[in-house]
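Please open the structure in your viewer and keep the selection tool at hand. The stops below are meant to be taken in order.

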Amino acid sequence: MGQSMGQNMGLTEYRGKRDFKVTSEPRGTKRSAPSARSHDLRFVIQEHHASHLHYDFRLELEGVLKSWAVPKGPPLKPGVKRLAVQVEDHPVSYGSFEGTIPEGEYGAGTVRIWDEGTWNSNSSSESSARNALKNGVLKFELHGRRLRGQWALVRMKRAKTDNAWLLIKEKDGEKST
Ligand code: MN
């Protein structure tokens, strides 16, 4: 497997891209992953008005937020697929961030929380969810204000880079708004 962004890199890449004297984004800490999970895992979707509007989709896993930039936003109808480009892991505290990243900084523009809540994978533990991501297929359920029900992230096989994924809305009985 080639160099994959956001895998086993902790927050080094995240911090390397940002000047925390200038941006109000959190520097963050990597939370140590407890052997037995003591809290529900968070998800957040941030609407990011950068040079191109996109939606940052983040799933808490093993002490960081695994992150994808979704240009067209998350799909709401079963069977619809949206490109999701994996980016560097973000600190868990980034999930509360809203504000304006200053001009000239990485990702300059306004960030607003579009949806948030908890998620669970069909895997039984965080390490099996990590393996599912490593293998390129993660199926999961979102419990948000807007998004509820089943989604999947599937790595694109014939993409030029291995950070191209599809975010897919799966069939379920829920209705997202
Ligand atoms: Mn972004």
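Begin with the largest nonpolar core of this predicted model, which has 23 residues. Select Phe57, Leu59, Trp119, Phe140, Leu142 and Leu153, the members that touch the most other members. Two or more residues of this core come from each of strand 1, strand 2 (53-61), strand 3 (64-70), strand 6 (109-121), helix 2 (126-134), strand 7 (137-144), strand 8 (148-155) and strand 9 (164-169). Strand 2 supplies the largest share, 4 residues.

Centre the view on Leu142. Beyond its neighbours within four places in sequence, Leu142 is in contact with residues including Phe43, Phe57, Leu59, Trp119 and Trp151. Another core, of 8 residues, lies apart from the largest one; Leu65, Tyr94, Ile101 and Val111 are among its members.

Next, select the manganese ion. Which residues coordinate the manganese ion? The donors are His48 through ND1, His54 through NE2 and Asp56 through OD, at 2.1 to 2.3 Å. Their spacing in sequence is H-x5-H-x1-D. His48 counts as buried because its relative accessibility is 7%, and His54, at 15%, is likewise classed as buried.

Stay with Asp56, whose side chain also meets that of Arg58 in a salt bridge (3.5 Å, N to O). Asp56 is buried at 5% relative accessibility, and Arg58 is buried at 2%.

Now turn to Glu25, in the loop between helix 1 (12-16) and strand 1 (41-49). Is Glu25 buried or exposed? With a relative accessibility of 4%, Glu25 counts as buried. Its side chain makes a polar contact of 2.7 Å with that of Thr23 and one of 2.6 Å with that of Tyr94. Residues touched by Glu25 also include Tyr14, Arg18, Phe20 and Phe97.

Within it, Glu88 and Arg18 pair with their closest N and O atoms 3.0 Å apart. This pair joins distant parts of the chain, 70 residues apart: Glu88 belongs to strand 4 (residues 81-91), and Arg18 to the loop between helix 1 and strand 1. Glu88 is buried at 1% relative accessibility, as is Arg18 at 10%.

Finish with Glu116 and Arg145, a salt bridge with a closest N to O distance of 3.6 Å. Glu116 lies in strand 6 and Arg145 in the loop between strand 7 and strand 8. Glu116 is partly exposed at 27% relative accessibility, and Arg145 is partly exposed at 48%.

How values were computed. Residues numbered from 1 in each chain as written. Predicted model: local features only at pLDDT ≥ 70, side-chain atom pairs only at ≥ 80, totals over all residues. Heavy atoms only, no water. Buried < 20%, exposed > 50% of the residue type's maximum accessible area, 1.4 Å probe, protein only. Polar contact = N/O pair within 3.5 Å; in protein donor to acceptor, adjacent residues only side chain to side chain. Contact = heavy atoms within 4.5 Å. Donors = N, O, S within 2.8 Å, 3.2 Å for Na, K, Ca; no water. Core = buried A, V, L, I, M, F, W, Y, C linked by side-chain atoms within 4.5 Å. Salt bridge = Lys/Arg side-chain N within 4 Å of Asp/Glu carboxyl O.
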